[in-house]
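Here are my notes on the model you sent over. Keep the viewer open while you read, and click along as the points come up.

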Amino acid sequence: FPSHDNMQIGPAGLLLPAFSERGIHVDVVSMREYGHACALLKQNVDEGVLWHKEQSGLTAALEAARKRDLDRDAGLWAWHRRDSTDITPLVASTLAVFAHARTSGKKPEPESSGVVFFR
């Protein structure tokens, strides 16, 4: 993984050396990138390009998630939970959409299974 000396990494960052030792590559997303990822997911949903198939975990996460400001001047925000509901499915979907957009720039055809679909 790249050096992250100037990047604040949360508690999961403690796992990075163990992953590296095992040859597992991890792309670390900065908070600024995460803010862009959240906006990208919301934009895709608003435009009808992205939806899900009523998976209970993701539905619960969507219902519980709220926005929190990351950089008000830049208009960046991130998902935040309003209670103890697990919003991990939403965060994972957000990062998956961001990774897909960053690596391919293409939207795949809908599939018959999965959490996130594009059209």
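The numbered points below start with the whole chain and then go through its parts.

1. Ground rules. This is a predicted model, in which local features need pLDDT of at least 70, side-chain atom pairs count only at pLDDT 80 or more, and totals for chains, interfaces and linings use all residues. Residues are numbered from 1 along each chain as its sequence is written, and side-chain values use heavy atoms, with hydrogens and water left out.

2. The overall layout. The protein chain has four helices and four strands. Here helices (H or I, at least four residues) and strands (E, at least two) are DSSP runs, numbered from the N terminus. Starting at that end, the order of the elements is α-α-β-α-β-β-α-β.

3. Of the 119 residues in the protein chain, 26% are buried. Buried stands for under 20% relative accessible area, exposed for over 50%, and partly exposed for anything in between (1.4 Å probe, protein chains only). The accessible surface of the chain is about 8000 Å², and carbon and sulfur atoms account for 53% of that. Those areas come from the Shrake-Rupley method with a 1.4 Å probe; for residues, only the protein chains shown count as cover.

4. Contacts along the chain. Take the contacts between residues at least 6 apart in sequence: 55% of them join residues at least 24 apart. A contact means heavy atoms within 4.5 Å.

5. Strand β2 (residues 65-71) and strand β3 (residues 76-81) run antiparallel and are joined by six bridges. For two strands to pair, DSSP has to find at least two bridges between them.

6. Helix α3 against helix α4. At what angle do the axes of α3 and α4 cross? For α3 (residues 56-64) and α4 (residues 88-103) it is roughly 95°, and the axes come within 7 Å. That makes α3 roughly perpendicular to α4. The axes are lines fitted to C-alpha atoms, for helices over the stretch in contact, and angles run from 0 to 180 degrees between N-to-C directions. Angles under 35 degrees count as roughly parallel, over 145 as roughly antiparallel, 65 to 115 as roughly perpendicular and the rest as oblique. On the α3 side the contact uses G57, L58, A61 and L62, and on the α4 side P89, L90 and S93. These contact residues split into five nonpolar, two polar and no charged. The nonpolar group is Ala, Val, Leu, Ile, Met, Phe, Trp, Tyr, Cys and Pro; Asp, Glu, Lys and Arg are charged, and the others, Gly among them, are polar.

7. What α3 hides and what it shows. L58, T59, A61 and A64 are the buried residues of α3, and they pack against β2, β3 and α4. S56 also belongs to helix α3, but S56 is exposed at 63% relative accessibility.

8. Two loop residues. E54 lies in the loop between β1 (50-51) and α3. E54 is not a glycine, yet its phi is positive, about 60°. E54 counts as exposed, with 61% relative accessibility. S84 is in the loop between β3 and α4 and is exposed too, at 68% relative accessible area.

9. Helix α2 against helix α4. Helix α2 (residues 31-46) packs on α4 at an angle of about 90°, with the axes 9 Å apart, which means α2 is roughly perpendicular to α4. Residues making this contact include L40 and L41 of α2 and V97 and F98 of α4. Sorted by type, the contact residues are 11 nonpolar, four polar and two charged.

10. One end of α2. M31 is in helix α2 and is partly exposed, at 39% relative accessible area. Apart from neighbours within four places in sequence, M31 is in contact with R68 and L70. M31 and D71 are 40 residues apart along the chain, and their C-alpha atoms are separated by 9.6 Å.
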